[in-house]
Amino acid sequence: MAKKQFKAESKRLLDLMVNSIYTHKEIFLRELISNASDAEDKLAYKSLTDGSVDVKRKDLAITIVPDKEKRMLTVSDNGIGMSKEELESNLGTIARSGSGQFKAGLAEDDKAAGDIDVIGQFGVGFYSAFMVADSVTVISRAWGSDEAWMWQSDGADGYTMTPCEKDAPGTDILMHIKENGDGEDYDQYLETQKLRGLIKKYSDYIRYPIRMEVEDYRMKDKPADAPEDYKPEWETVKEWKTLNSMVPLWQRRKSEVEPEEYNAFYKEKFGDWQDPLAVIHTSAEGAVTYKAMLYIPAQTPYDFYTREYEKGLQLYSSGVLIMDKCADLLPDHFRFVKGVVDSADFSLNISREVLQHTRQLKVIAGALEKKIKSELLKTQKEDFEKYEKFWAAFGTQLKYGVANEYGAHKDVLQDLLLFWSSSEGKNTTLAAYKDRMPEGQPFCYYACGESVDKIAKLPQVERILDKGYEILYCTEDVDDFVMKALGELDGKQFKSVTEEDALPQSDEEKKQAEEKAEAGKPVLEAVKEALGDQVKEVRVSAILKSGACCLSADGPISLEMEKYMSKVEGGQHMKAQRVLELNPDSAPFAALKRAVDAGDKDTVAKYAKVLYGQALLLAGLPIDDPAEYTQLVCGLMV
Ligand code: ADP
């Protein structure tokens, strides 16, 4: 019989499938089951609208039959079926198929091979059978017709059409499975266990039963006359089983799902051993229709801060898994969220355009971001202790979210942030900080350091606390960037306590400071000379109250940023311009002055080095030469 040729585009796609190096060949089963499910849908719909069609939904089913000896795998449905013309036009040409988006890639010739991952994301339908089979036969009888037709193809060189017999309407897809080779294990697609697993994984929520004959071990009934030392006996029984659970949890009404069910689903699906911190079960109808079930884990996943961690939500289309980790559904700052989104708008079988998907994904992602935020805010209000647990697990991620992309997401995240409050002695939100702020406080204050205790002892902190102002203690590397990204809180600027102008001075204070600076000039110059390029400047401090010295930075890079950048690859050259500040009212300053007046350069140099070392230590920075520093200090003692 003369072979008919595939249309050009179809042939390209077919070649791609036959020679596929794609690692997820297993998705062929999902594709065929999803086609079968659609065929059942169409028939069920017909029976609703056409009085002459009498089909009961409960009779509709999909069956899978593996045959190891013949290396055949058959997927059958009793759905709408295909006429001769439909077989030819549906399977002979790609134009109508859901693989439409592939066309773009195919046009660009060899680029398509690189884009092959698309298969895993949206599926390419029927042709994927050729990834695992060297010959495919489709026997179909359309509903309402007596004749059946057989479509047969070995792949590349076209297909044949032959009339045949078929008892009932519907479609059988018969695949002759390839021999193992090229490092591929095709045998597995004839194993009931493997097939069972694939159905569970990809097609669990198909709304028609997927049935297969499976072997089960069963304990034999105990005979009535069993002796006392009877040992139970086992037998193998073959029976037809429905392998999919058919109703996904997220399709059920919230009020009908028990908390334990939510938790069990989470643990099984996402491999966590702990209950989640929160569940968000939500749905929307309108521009885009979807149902979503999201989880916030209780603990930081062990690989959360590694490259291995992949963000994303499972994307389903009417119960069929189309993507395991759809990254576009989650913004980076909420990458810890796990869950499932199901939207019929992503139908596998309706012609799709990639662009349209992107738009829909954006709409859903936007709505989910709002949902996640409001759920977190609710927890923050109603159960602060629980919120602090969340914060301990994922707070850093939110802070990075604020600092990234020049603060593009700060408005979303600001309300979710927590900082340690100097006055409350515990975590506070920014809103609560603002509420407590006394009238006339010029800035929102923060101080960075290694730990709350260390920050509390910083010389620059003292003067702000003395004014009765509250300070946010920041103990993470990213904090300084967060504050810079936030910029202000309801119009009031964030200010590090280490900045010179953190407390605005009155004219009187300014005058006094200038006088002191003038009087201290010879000392400052002598110290600068002794320290050389290590510091950009030595100046009289407007900040210090009781301490003798501290370090501050001039220019755009703060000491905190320098510390942070020193740990980032390629960031080591980012250095703050260091300024040594001295307290002119302190005893060490007086001692320095005596040495300067006496022209004792040696002592001035020693004192200068000791003070600079102390300033570094207070700022949490390493001393360049610790041995020299200890010798100096010890020398001063004797
Ligand atoms: P898609 O399903 O994405 O449209 P396919 O290549 O998988 O693309 O299938 C092409 C067409 O063939 C389908 O749209 C459908 O009309 C028809 N078809 C495939 N499988 C079946 C089936 N089991 N029963 C009836 N029609 C089918």
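**View 1. The second largest pocket lies between domain 3 (417-496) and domain 4 (507-637), since both give residues to its lining.** This is a predicted model. The space inside the second largest pocket comes to about 800 Å³. Of its 41 lining residues, Cys448, Thr498, Leu559, Glu560 and Lys563 sit closest to the centre.

**View 2. Here's what lines the second largest pocket: several helices and strands, including strand S16 (444-448) and helix H17 (559-566).** Also giving two or more residues each are helix H13 (452-456), helix H15 (479-486), strand S21 (549-554) and helix H19 (601-618). Sort the lining by class and you get 16 charged, 15 nonpolar and ten polar residues.

**View 3. Helix H16 (residues 507-531) packs against H19.** The two axes are 9 Å apart and cross at an angle of about 80°, so H16 runs roughly perpendicular to H19.

**View 4. A look at the residues where H16 and H19 touch.** From H16 come Ala526, Val527, Glu529, Ala530 and Leu531. H19 answers with Lys601, Val604, Ala605, Ala608, Lys609 and Tyr612. By class, this contact has eight nonpolar and three charged residues, with no polar ones.

Definitions and conventions:
Residues are numbered from 1 along each chain as its sequence is written. This is a predicted model: local features need pLDDT of at least 70, side-chain atom pairs count only at pLDDT 80 or more; totals for chains, interfaces and linings use all residues. Side-chain values use heavy atoms; hydrogens and water are left out. On a 1 Å grid over the protein atoms alone, a cavity is a set of points where a 1.4 Å probe fits but cannot get out, and a pocket is an open set with protein on both sides within 12 Å along at least five of seven lines; lining residues have an atom within 4 Å of a point. Grid points are joined across faces, edges and corners, and a volume is the space filled by probe spheres set on the points. Helices (H or I, at least four residues) and strands (E, at least two) are DSSP runs, numbered from the N terminus. Ala, Val, Leu, Ile, Met, Phe, Trp, Tyr, Cys and Pro count as nonpolar, Asp, Glu, Lys and Arg as charged, and the others, Gly among them, as polar. Domain bounds come from an automatic or database domain assignment. Axes are lines fitted to C-alpha atoms, for helices over the stretch in contact, and angles run from 0 to 180 degrees between N-to-C directions. Angles under 35 degrees count as roughly parallel, over 145 as roughly antiparallel, 65 to 115 as roughly perpendicular and the rest as oblique. Contact means heavy atoms within 4.5 Å.
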